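Here is a briefing on one protein model. Look at the sequence and the structure first, then read the points below.

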Amino acid sequence: MPAEETLLAEVPLFQALDPAERAALAAGMRQRDFPAGGRIFRRGDPGAALYVISHGAVEISVETTTGKKVVLGQLGPGDFFGELSLLDGRERTADAHAIDPTGAMEVDREALEGLFRKHPGAALDVL
């Protein structure tokens, strides 16, 4: 099984997919690399993708109305983030920055829709 499919199999959102469905989704994914300290997205950005971390670390945070940064979590290999905005089409609700040099597989709305067109039943497994 290719690395992308193995990574998807570890994500709870995609665990119910069968191997053919995971392969179809993996075909639409792309590798993204972020330098240490690099911004992945900012609160308020359009949310058109989720990310599955292959290596490195990501910090998810928000800024309060008084300007204080509140860290919501730190994520590492195998973790995913950004799924809420991908699924509901709304703006990002937090900031995401790479802590270390980070690689992540990006699953965008187009890849997800491609999966659902090719395997309509997969929508029930994901949603």
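The largest pocket is lined by Phe 41, Ile 60, Gly 73, Leu 75, Phe 81, Gly 82, Glu 83, Leu 84, Ser 85, Arg 92, Thr 93 and Ala 94. Its volume is about 210 Å³. This is a predicted model: local features need pLDDT of at least 70, side-chain atom pairs count only at pLDDT 80 or more, and totals for chains, interfaces and linings use all residues. Residues are numbered from 1 along each chain as its sequence is written, and side-chain values use heavy atoms, with hydrogens and water left out.

**Pocket**

- A pocket is an open set of points on a 1 Å grid over the protein atoms alone, where a 1.4 Å probe fits, with protein on both sides within 12 Å along at least five of seven lines; lining residues have an atom within 4 Å of a point.
- Grid points are joined across faces, edges and corners, and the volume is the space filled by probe spheres set on the points.
- Helix 3 gives the most to the lining of the largest pocket, with three residues.
- Strand 5 (69-75) and helix 3 each supply at least two lining residues.
- Helices (H or I, at least four residues) and strands (E, at least two) are DSSP runs, numbered from the N terminus.

**Val 71 in strand 5**

- Val 71 lies in strand 5.
- Val 71 counts as partly exposed because its relative accessibility is 43%.
- The classes are buried (under 20% relative accessible area), exposed (over 50%) and partly exposed (in between), with a 1.4 Å probe and protein chains only.
- Beyond its neighbours within four places in sequence, Val 71 is in contact (heavy atoms within 4.5 Å) with Glu 59, Ile 60 and Ser 61.
- Val 71 and Ile 60 are 11 residues apart in sequence, and their C-alpha atoms are 6.1 Å apart.

- Four strands form an open sheet in the order 1-8-3-6, with antiparallel pairing.
- Strand 1 (30-34) and strand 6 (80-81) are the edge strands, and each pairs on one side only.
- Two strands pair if DSSP finds at least two bridges between them.
- Strand 1 and strand 8 run antiparallel, joined by five bridges; here Asp 33 stands opposite Gly 103.
- Strand 3 (residues 49-55) and strand 8 (residues 102-108) are joined by six bridges.
- Leu 50 has Val 107 as its bridge partner in strand 8, and Ile 53 stands opposite Ala 104.
- Strand 3 also pairs with strand 6, over two bridges in the antiparallel sense; Tyr 51 stands opposite Phe 81 there.
- Six of the seven residues of strand 8 are buried.
- Strand 3 is largely enclosed by the rest of the structure, because five of its seven residues are buried.

**Nonpolar cores**

- A nonpolar core is a set of buried Ala, Val, Leu, Ile, Met, Phe, Trp, Tyr and Cys residues joined through side-chain atoms within 4.5 Å.
- The largest has 20 residues; Leu 8, Phe 14, Leu 17, Leu 25, Leu 50, Val 107 and Leu 115 have the most contacts inside it.
- Helix 1 (3-9), helix 2 (19-27), strand 3, strand 8, helix 4 (109-118) and helix 5 (122-126) each supply at least two residues of this core.
- Another core, of 14 residues, lies apart from it and includes Ile 53, Val 58, Val 62 and Ala 96.
- Leu 8 touches Phe 14, Arg 22, Leu 25, Ala 26, Met 29 and Val 107, not counting residues up to four places away in sequence.

- Ala 111, Leu 112 and Leu 115 are buried in helix 4.
- They lie on the same side of helix 4, because they cover an arc of only 100° around the axis, taken from the directions from the helix axis to the C-beta atoms.
- The buried residues of helix 4 pack against helix 2, helix 3 (83-88), strand 8 and helix 5.
- Exposed Glu 110 and Arg 117 sit on the face turned away from the buried side.
- His 119 is in the loop between helix 4 and helix 5.
- His 119 counts as buried because its relative accessibility is 19%.
- Leaving aside neighbours within four places in sequence, His 119 is in contact with Ala 20, Glu 21 and Ala 24.
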